[in-house]
Amino acid sequence: MSDLQDFKESSERFGMQVEAQNTGPAEMAARSRFLMCAPEHFDVEYVINPWMKGQLHAPDHARVASQWSDLRNLIRQSAEVVTLPPVKSLPDLVFTANAALVYENVAVLSSFRCAERQPEAPHNADWLRAHGFDVHMLPPGVLFEGAGDALFDRRERLLWFGHGFRSDISAKPFLEASTGIEVEALRLRDPRFYHLDTCFCPLEDGCLLYFPGAFTEESNARIEARVTPGKRLAVEEEDAVRFTCNAVNIGGKVILNDTSPRTAAWLGERGFEVVKTPLSEFMRSGGAAKCLSLRLNEGYSPHGLGSKITEL
Ligand code: ARG
């Protein structure tokens with residue numbers, strides 16, 4: 001049996017719905033809902049990306065707590081936030097974007113490349129199952145880091161998939177099988193932008209922020225073919241390194257660490273409100289706003305696929 005066929009069947013087996021709870025995907029239709037994980041045990045304890053070099057134990061714990069709460073409060077103004085319990089000795093569990101790829105009631109569980117993050121997977125799987133998701137497990141050896149590397153276009157039925165550092169291209173057919181959505185694969189080439197969500201941000205109404213320097217020439221051509229020039233902004237490197245593309249877009253709001261006046265003006269012209277919130281302590285680990293959150297009602301949200309900018 002092919003791996004893909006096997007996956008489809010095992011997904012059905014593994015996907016047993018845990019009894020419906022009032023936090024299940026079906027109840028999420030009305031409002032966007034995000035998963036976050038309090039940074040009680042967050043730190044830089046190892047180096048698995050260039051941002052972490054020289055940052056061992058550097059995060060300031062008071063600032064970690066306040067930056068995370070500020071982000072949560074901002075997201076809460078426009079959406080609901082639910083939390084995953086933090087786990088000691090799993091410092092990167094705060095980056096819930098890497099838990100899974102969620103679409104409707106399906107969660108394709110991440111299969112982490114780095115040994116340091118692999119023990120996160122069972123915690124993520126338990127939480128997702130307990131909250132009513134069908135958890136699809138990838139076959140051994142198919143590496144995939146969830147919504148860090150898989151981002152839905154907010155206008156087309158299209159899933160953008162980044163590979164080359166953490167996720168493998170071999171995950172592509174499995175993502176297509178689980179979501180039923182066409183996948184456009186983009187190859188990453190700059191180790192600073194090791195996850196797609198560090199350098200690429202689809203926004204409502206088909207708009208896009210991205211850093212072309214993070215992609216191969218061929219992948220840039222694919223982006224240009226899919227998104228018309230008026231809808232995409234190629235950000236400068238100065239924006240890319242302050243994680244402008246690692247933004248959380250809820251309706252008309254774009255929540256991010258920081259950005260230039262040029263990018264803010266471009267967003268403003270398209271009806272977006274830029275909300276800046278400093279996330280310096282998490283950037284020491286190579287993550288910012290988007291990495292710290294996972295949209296749980298993808299496909300159900302009024303601000304999801306096919307939606308237009310809506311005032312919240
Ligand atoms: N230290 C984490 C890692 O290297 C950061 C993850 C950031 N997450 C993201 N979705 N980009 O895996």
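User: Which residues does C37 touch, not counting residues up to four places away in sequence?

Analyst: In this predicted model, C37 touches T83, L84, P86, L93, V94 and T96. Contact here requires C-beta atoms within 7 Å. C37 itself is found in the loop between β1 and α2 (61-78). P86 is 49 residues apart from C37 in sequence, and the two C-alpha atoms are 6.0 Å apart in space.

User: Why does C37 count as buried?

Analyst: C37 has 27 C-beta neighbours inside 10 Å. The cut-off for a buried residue is 20 or more, so C37 counts as buried. For the chain as a whole, buried residues make up 48% of the 312 residues.

User: What makes β1 and β2 paired strands, and in which sense do they run?

Analyst: Strand β1 (residues 33-36) is joined to β2 by 4 bridges, and at least two bridges are needed for pairing. The two strands run parallel.

User: Which way do the residues of β1 point?

Analyst: R33 and L35 point one way from β1, F34 and M36 point the other way, and all are buried. As a general rule, side chains in a regular strand alternate between the two faces of the sheet.

User: What makes β2 and β15 the edge strands?

Analyst: The open sheet of 3 strands has the order β2-β1-β15, with mixed pairing. β2 (80-83) and β15 (294-295) each pair on one side only, and they are the edge strands.

User: How do you know that β3 and β4 pair, and in which sense?

Analyst: β3 and β4 share 4 bridges in the antiparallel sense, against a requirement of at least two. Within this pairing, the bridge partner of A100 is L109 in β4. The hairpin of β3 and β4 has 2 residues between the strands, and E104 takes a positive phi near 50° there.

User: What shows that both faces of β3 are covered?

Analyst: A100 and V102 on one side of β3, and L101 and Y103 on the other, are all buried. Both faces are therefore covered, as buried means 20 or more other C-beta atoms within 10 Å.

User: Why are the buried residues of α3 said to line one face of the helix?

Analyst: In helix α3 (residues 120-130), the buried residues include E120, N124, W127 and L128. Seen down the axis of α3, the buried residues fall within an arc of 95°, so they line one face of the helix. What covers them includes β3 (100-103), β4 (106-109) and β5 (134-136). Just after α3, G132 takes a positive phi of about 90°.

User: Which residues have the most contacts inside the largest nonpolar core?

Analyst: The largest nonpolar core has 82 residues, and V108 and C245 have the most contacts inside it. Not counting residues up to four places away in sequence, C245 touches T198, C199, F200, C201, L209, Y210, F211, V235 and A240.

User: How many residues lie around the ligand, and which come nearest?

Analyst: There are 15 residues around the ligand, of which A97, G148, H195, G287 and C291 come nearest. The shell divides into 4 nonpolar, 8 polar and 3 charged residues.

User: What share of the chain's contacts with a separation of 6 or more joins residues 24 or more positions apart?

Analyst: Such residues account for 73% of those contacts. The secondary structure of the chain comes to 8 helices and 15 strands.

Terms used: Residues are numbered from 1 along each chain as its sequence is written. This is a predicted model: local features need pLDDT of at least 70, side-chain atom pairs count only at pLDDT 80 or more; totals for chains, interfaces and linings use all residues. A residue is near a molecule or strand if its C-beta atom, placed from the backbone, lies within 6 Å of it. Ala, Val, Leu, Ile, Met, Phe, Trp, Tyr, Cys and Pro count as nonpolar, Asp, Glu, Lys and Arg as charged, and the others, Gly among them, as polar. A residue is buried if 20 or more other C-beta atoms lie within 10 Å of its own, exposed if 12 or fewer, and partly exposed in between; C-beta atoms are placed from the backbone. Two residues are in contact if their C-beta atoms, placed from the backbone, lie within 7 Å. The arc is that of the directions from the helix axis to the C-beta atoms. A nonpolar core is a set of buried Ala, Val, Leu, Ile, Met, Phe, Trp, Tyr and Cys residues joined through C-beta atoms within 7 Å.
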